[in-house]
Amino acid sequence: MDIQRFLKFFKVGWRIYRDPLLESSHSSIYYWREQMKAMALFTTTEERLLPYRSTWHTLVNIQIVIYFASMAFGLTESIGDHVQMGRDLAFILGAFFIMFKTYYFCWYGDELDQVISDLDALHPWAQKGPHPVEYQTGKRWYFVMAFFLATLWSFFLCIFLLLLITSPMWVHQQNLPFHAAFPFQWHDKSLHPISHAMIYLFQSYFAVYCLTWLLCIEGLSVFIYAEITFGIEVLCLELRHIHRHNHGPKELRMETNRLVKLHQKIVEILDRTNDVFHGTLIMQMGVNFSLVSLSVLEAVEARKDPKVVAQFAVLMLLALGHLSMWSYCGDLLSQKSLQISEAAYEAYDPTKGSKDVYRDLCVIMTRGQKPMIMRANPFPSFNLINYSAILNQCYGILTFLLKTLD
């Protein structure tokens with residue numbers, strides 16, 4: 001693992017945060033990708049051509065299958081203990097989510113890399129030259145936000161991993177970070193102390209590696225949509241200040257034609273992004289809903305035990321927090337995209353331009369009336385309205401269970 005390459009995002013982010021006049025030469029998604037490359041788990045054709053990289057990707061896939069299978073086998077030991085089964089199922093769902101994403105991006109790594117490269121090439125979206133629009137504030141806000149979220153997530157991930165790895169030292173009847181079972185009772189410390197120590201080290205190392213990679217791919221995924229949102233904001237600025245250069249009819253026509261193409265490019269990249277993340281969006285919707293439902297079920301089942309209720313309440317909040325982050329990004333994307341038609345209307349000036357200019361603005365207004373969405377068919381789009389519907393569904397499940405058990 002290339003530590004310097006991995007930490008570059010944090011170093012650049014800190015410098016930009018300290019100096020408001022400093023600008024990054026790349027978008028945040030470029031640095032998220034660099035972190036995944038530093039971990040040797042950015043699965044593209046180009047990366048596989050590097051020495052030993054393809055072998056490492058295969059080894060990681062084998063390890064994650066062993067990891068998931070041992071946890072699934074450990075579930076059989078928890079039959080009869082509802083609380084332990086709930087914990088095991090929660091970790092199994094998490095492991096399955098990571099395994100799915102790992103295998104999924106082995107297939108879609110090239111397409112993901114192309115989306116990132118296209119977005120980074122267009123960054124910061126504004127036309128260069130004299131009198132550019134004021135895009136620096138938005139660029140800085142999105143980059144600093146990515147830096148702070150990466151730092152915050154990393155901090156809490158370190159705490160979680162520390163508690164997880166040391167849990168066998170202070171949790172009664174737990175001898176491994178994750179409850180797992182292996183053939184010939186290799187996980188039993190009293191029967192096989194050496195194999196138990198090896199499994200302990202394997203679980204600790206692989207949990208650190210996989211969860212760090214998951215943080216990177218989640219940050220990358222979210223801020224791809226954030227970068228598209230930033231592109232929409234710059235497009236609106238360009239439209240509202242289209243007359244800042246006092247262009248003649250010919251130059252104004254060229255400018256409106258450029259903005260039409262930029263709008264089309266944003267729509268095209270969003271469509272490709274939704275295609276790339278189609279499977280993962282469906283999976284995380286299903287996993288999050290399953291975790292919330294499981295948490296509600298277990299909390300109601302053990303409602304007389306405050307410790308167990310607290311554990312599953314935290315799990316439910318984490319799942320809802322993850323889903324709310326994606327829903328907020330999708331909602332922000334849709335809301336900002338609806339401002340494009342308003343900006344095109346504001347760009348209309350009957351005293352300037354020609355019929356071709358007005359036609360270009362009409363094209364943008366017509367397209368802008370349909371909101372851009374983060375969506376994975378056949379599921380509904382990710383936004384706060386649908387997120388509220390999920391919360392209502394979870395509340396309905398909780399109410400039904402309480403009435404049934406009472």
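This is a predicted model: local features need pLDDT of at least 70, side-chain atom pairs count only at pLDDT 80 or more; totals for chains, interfaces and linings use all residues.
Before anything else, a term: a residue is called buried under 20% relative accessible area, exposed over 50%, and partly exposed in between. By that rule Tyr358, at 22% relative accessibility, is partly exposed. I will come back to Tyr358 in a few minutes.

Let me start with the overall picture. The protein has 13 helices and 0 strands. The C-alpha trace spans about 85 × 60 × 40 Å along its principal axes. There are 406 residues, and 48% of them count as buried.

Now contacts. Take the pairs of residues in contact that are at least 6 apart in sequence: 79% of these contacts join residues at least 24 apart. As for the surface, the protein exposes about 20700 Å², and 66% of that comes from carbon and sulfur atoms. On charge, there are 34 positive and 35 negative charges, and their mean positions are 4 Å apart.

Next, the aromatic residues. How many aromatic pairs does the structure hold? There are 32 aromatic pairs. One of them is Tyr348 with Tyr358, an edge-to-face pair with 5.1 Å centre to centre and 65° between the planes. Tyr348 sits in the loop between helix 11 (339–347) and helix 12 (355–368), while Tyr358 is in helix 12, so this pair ties together parts that are 10 residues apart in sequence. Tyr348, at 41% relative accessibility, is partly exposed, and Tyr358 is partly exposed at 22%. Elsewhere, one aromatic cluster is formed by Phe9, Phe10, Tyr30, Tyr31, Trp32, Phe143, Trp153 and Phe223.

Arg53 belongs to helix 4, which covers residues 53–74. Is Arg53 buried or exposed? Its relative accessible area is 17%, so Arg53 counts as buried. The Arg53 side chain makes a polar contact of 2.8 Å with the side chain of Glu47. Setting aside residues up to four places away in sequence, Arg53 touches Lys37, Ala40, Glu47 and Arg48.

Ala40, from that list, has a feature of its own. Its phi is near 60°, a positive value in a residue other than glycine. Ala40 is in the loop between helix 2 (28–38) and helix 3 (45–48), and with a relative accessible area of 15% it is buried. Gln185 also has phi near 60°, again positive in a residue other than glycine. Gln185 is in the loop between helix 6 and helix 7, and at 36% relative accessibility it is partly exposed.

Helix 7, residues 193–240, holds Thr229. Thr229 is buried, at 1% relative accessibility. Beyond its neighbours within four places in sequence, Thr229 is in contact with Tyr142, Leu332, Leu333 and Lys336.

Back at helix 1, residues 3–18, we find Gln4. The side chains of Gln4 and Lys11 are joined by a polar contact of 2.6 Å.

Last, the peptide bonds. Where are the cis bonds described here? One joins His123 and Pro124, with omega about 5°; Pro124 is in the loop between helix 5 (82–122) and helix 6 (136–170). Another runs from Asn377 to Pro378, with omega near 5°, and Pro378 is in the loop between helix 12 and helix 13 (384–405).

Notes
Residues are numbered from 1 along each chain as its sequence is written. Side-chain values use heavy atoms; hydrogens and water are left out. Helices (H or I, at least four residues) and strands (E, at least two) are DSSP runs, numbered from the N terminus. Buried means under 20% relative accessible area, exposed over 50%, partly exposed in between (1.4 Å probe, protein chains only). Contact means heavy atoms within 4.5 Å. Accessible areas come from the Shrake-Rupley method with a 1.4 Å probe; for residues, only the protein chains shown count as cover. Lys and Arg count as positive and Asp and Glu as negative; His and the chain ends are not counted. The place of a charge is taken as NZ of Lys, CZ of Arg, CG of Asp or CD of Glu. Rings of Phe, Tyr and Trp (its six-membered ring) pair if their centres lie within 6.5 Å; planes under 30 degrees apart count as stacked, over 60 as edge-to-face and the rest as tilted. A polar contact is a pair of N or O atoms within 3.5 Å; within protein, one must be able to donate a hydrogen and the other to accept it, and residues adjacent in sequence count only if both atoms are side-chain atoms.
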